[in-house]
Amino acid sequence: MSQKNSAQEKSALVLTAEKMSACTGHPVKTGIVIGAKEHSAWAFPGEAAQTASVEGCIEQLPEGCGGVKVEIFLATSSAGISRGMETVFRVHLWQGGNADEIPQKEILHADPVRAPLAASPCTPFRMQLESWYGTDPGRPLHFRLERCSGDPADTCPGEVDLLEVHVTPLEIPSAPRIVQDTPGYNSWPMIQAVGKKLVCAYCRGRGHDIGEECRGVYARTSSDGGLSWTPETLVSNQPGYGEVTIGKGLDAEGAMLLWVRCCGPVWHHDLYRSVDGISFQRIATPELDPMPMQITDIFPLPEVGLMALWFAGNYQDDKLNAWGTLTSSDNGKTWTQNVIESGLPKAEWPTEPAAVPLGNGRILVIARTESSENSTARAQFQIESRDAGKTWTRARTNIGDVSLSTPSLILDPETGLLSNYYYHRGRGILKRRVTSPEQIVGNPLGWPDPEPVALASDVFLDAGNVNVTALGSLHFAAYYSGKAPDTSIVVSAIPAPVPKN
């Protein structure tokens, strides 16, 4: 059952400043002394009104190059630079001719990336601007690098010097395994390890519509790591309701719990329980106010019993946007609702939250952003509690390579490593960021670079919404992929990360 951990890397192709040329704004070719040696560099101004950029080209990508990642090395030599300042860059990539001669849709306009400046002047620091751009080997690769000095996270008033660009060829990650590909809009899966078995629950309708009366909930199980699946069983298909899988977890006896959203005459949420992933019994329909748009994964919390997070709203800038917790002290039979924040503007509204308990009442949450702003303000949220969910703090992370990207968290008890999985919608990439909780608790801008772990459909709404579970030494990430009206439920088996030496 061999699996690639991520897109395998080859030696980086390096372009120095001498091999690039000015494009827009007023970057200036200059020299910067690092150590005892002078290096050529492009100096990008800090004026917020300007967008300065340079261009370059890799003349020919090597054979076996299914994609590339792009990193840049920067330094600062300006006076007035202080600790805590950041800069923001982005990269545009294309294969073909001149950028002015090819359609804009064929150019990748990557998301802005923020990074802190080096602690001291004339010290190089690295930024990864793109983790995966699919390429054709043997062809040239063009790039344009720009400093986003007008971005709210770019707090460096002086020049930032570009030294080198590293383009690393990557192999294509392993293909996902099919769970369900019958005709229809198979979507929004939830996956859970129950003992040594995988249970994948999902829903199916005709399109991207949660209220379709034909939409029902189904499940399949696998005992061989997702290579084969039992026949589909019906969880629920209530007349007059569109039903959607929205959250999962385990109860105190190790049985699977499954939240199902029911859209119809009386909007509500049902909780189902299953010991085998085949037969499901409804055990609760809590009365909730405000009514959540979604209740997410259930997790154990010794201080309270079971907890799940919820969010409510209609995806507009109004007073309906809220989020909070649900807790159960009787193994899921009854639930108590708590509102944490309400009346949030859309840009400050954390949705589809994923949570992990860290012990001693500490909880770490990563939530999706609904913001469409083309800046570092479009980033996942990090929410923390140190008192078993009584009080919370919320801040933006540096995870900005997202577009309606639902997170799913796995904390490995043996290694202590935390994995944040999310599907970059519209790009067709399942990504993972791995860290230790100690590195990011109280430090939401400290998340490391992402790695691509799977590829699927790049149709914006017809792929995504990853949900992950752990079984043995593998993480199983379920998501949906395709193009309406037909999409499939797929699962990627990804080796759990191991500590770096």
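Visitor: Which residues line the largest cavity?

Guide: This is a predicted model, and what follows is computed from it. Around the largest cavity, the lining is made up of Leu358, Arg362, Ile363, Leu364, Glu384, Ser385, Arg386 and Val441.

Visitor: Which strand gives the most to the lining of the largest cavity?

Guide: Two strands, E27 (362-369) and E28 (381-385), each supply at least two residues of that lining. The leading contribution, with three residues, comes from E27.

Visitor: How many residues of the lining of the largest cavity are charged?

Guide: The lining includes Leu358 and Val441, and also Arg362, Glu384 and Arg386. Arg and Glu count as charged, whereas Leu, Ile and Val count as nonpolar. The lining therefore divides into four nonpolar residues, one polar residue and, as the number asked for, three charged.

Visitor: What is the volume of the largest cavity?

Guide: The structure holds four cavities that reach 30 Å³ or more. For the largest cavity, the volume is about 40 Å³.

Visitor: Turning to the second largest pocket, which residues are the closest to its centre?

Guide: The second largest pocket contains about 1,100 Å³ of space. Of the 49 residues that line this pocket, the closest to its centre are Arg126, Trp447, Pro448, Asp449 and Pro450.

Visitor: Which strand gives the most to the lining of the second largest pocket?

Guide: Strands E9 (113-116), E10 (125-134), E32 (429-435) and E33 (451-455) each supply at least two residues of the lining of this pocket. The strand that gives the most, with seven residues, is E10.

Key:
Residues are numbered from 1 along each chain as its sequence is written. This is a predicted model: local features need pLDDT of at least 70, side-chain atom pairs count only at pLDDT 80 or more; totals for chains, interfaces and linings use all residues. Side-chain values use heavy atoms; hydrogens and water are left out. On a 1 Å grid over the protein atoms alone, a cavity is a set of points where a 1.4 Å probe fits but cannot get out, and a pocket is an open set with protein on both sides within 12 Å along at least five of seven lines; lining residues have an atom within 4 Å of a point. Grid points are joined across faces, edges and corners, and a volume is the space filled by probe spheres set on the points. Helices (H or I, at least four residues) and strands (E, at least two) are DSSP runs, numbered from the N terminus.
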